Amino acid sequence: MRIHNWRSSDGEEYETGISITTAKKLLKEKGGCAWTEHIDRDGCCFETSEIKLKGNNSRVKYNHHL
């Protein structure tokens, strides 16, 4: 499972459970940072990856965990 997040530069605004499209829109409009939390079957976060405005954010390199 993946959970996408965004946080403003000043840390006062935060969104979680959003789509990558929404995360990129917030990055473009408000700046800040966005990331994906990769959750394993036990509910633990085993990896995070940055969401960038350009490029493919859907690369999957952790199939052995699932």
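A residue is called buried here when its relative accessible area is under 20%, and exposed when that value is over 50%. Just after the helix comes G31, which takes a positive phi of about 80°.

The secondary structure of the protein chain comes to 1 helix and 4 strands, and from the N terminus on, the elements run β-β-α-β-β. Of the 66 residues in the chain, 27% count as buried. The accessible surface of the chain is about 4700 Å², and carbon and sulfur atoms account for 46% of that area. Among contacts between residues at least 6 apart in sequence, 42% join residues that are at least 24 apart.

The chain has an average pLDDT of 87, and 83% of its residues score at least 70. In the protein chain, strand 2 has the highest confidence, at 96, while strand 4 has the lowest, at a mean of 92. Where pLDDT is low, the predicted coordinates should not be read in detail.

All 4 strands form an open sheet in the order 2-1-3-4, and the pairing is antiparallel. Strand 2 (14-18) and strand 4 (45-50) are the edge strands, each pairing on one side only. On average, neighbouring strands of this sheet are turned by 25° against each other, with direction ignored. Strands of a sheet pair through backbone hydrogen bonds, in either a parallel or an antiparallel manner.

Each pairing can be followed in turn across the sheet. Strand 1 and strand 2 run antiparallel and are joined by 4 bridges. The hairpin that these two strands make has 6 residues between the strands, and G11 takes a positive phi near 80° there. Strand 1 (residues 2-7) also pairs with strand 3 (residues 33-39) in the antiparallel sense, over 6 bridges. Strand 3 in turn pairs with strand 4 over 5 bridges, again in the antiparallel sense. In this pairing, I39 stands opposite C45 in strand 4. The hairpin of strand 3 and strand 4 has 5 residues between the strands, with G43 taking a positive phi near 90°.

H4 lies in strand 1, where it has a bridge partner in strand 2, I18, and stands opposite T36 in strand 3. H4 counts as buried because its relative accessibility is 12%, below the 20% limit given at the outset. Not counting residues up to four places away in sequence, H4 touches E15, T16, G17, I18, S19, I20, W35, T36 and I51. Another histidine, H38, is 34 residues from H4 in sequence, with a C-alpha to C-alpha separation of 8.9 Å in space.

D10 and G31 are 21 residues apart in sequence, and their C-alpha atoms are 9.8 Å apart in space.

Methods. Residues numbered from 1 in each chain as written. Predicted model: local features only at pLDDT ≥ 70, side-chain atom pairs only at ≥ 80, totals over all residues. Heavy atoms only, no water. Pairing = 2+ DSSP bridges. Axes fitted to C-alpha atoms, helices over the stretch in contact; angles between N-to-C directions. pLDDT = per-residue confidence, 0-100. Buried < 20%, exposed > 50% of the residue type's maximum accessible area, 1.4 Å probe, protein only. Contact = heavy atoms within 4.5 Å. Areas by Shrake-Rupley, 256 points an atom, 1.4 Å probe, with all protein chains shown as cover.
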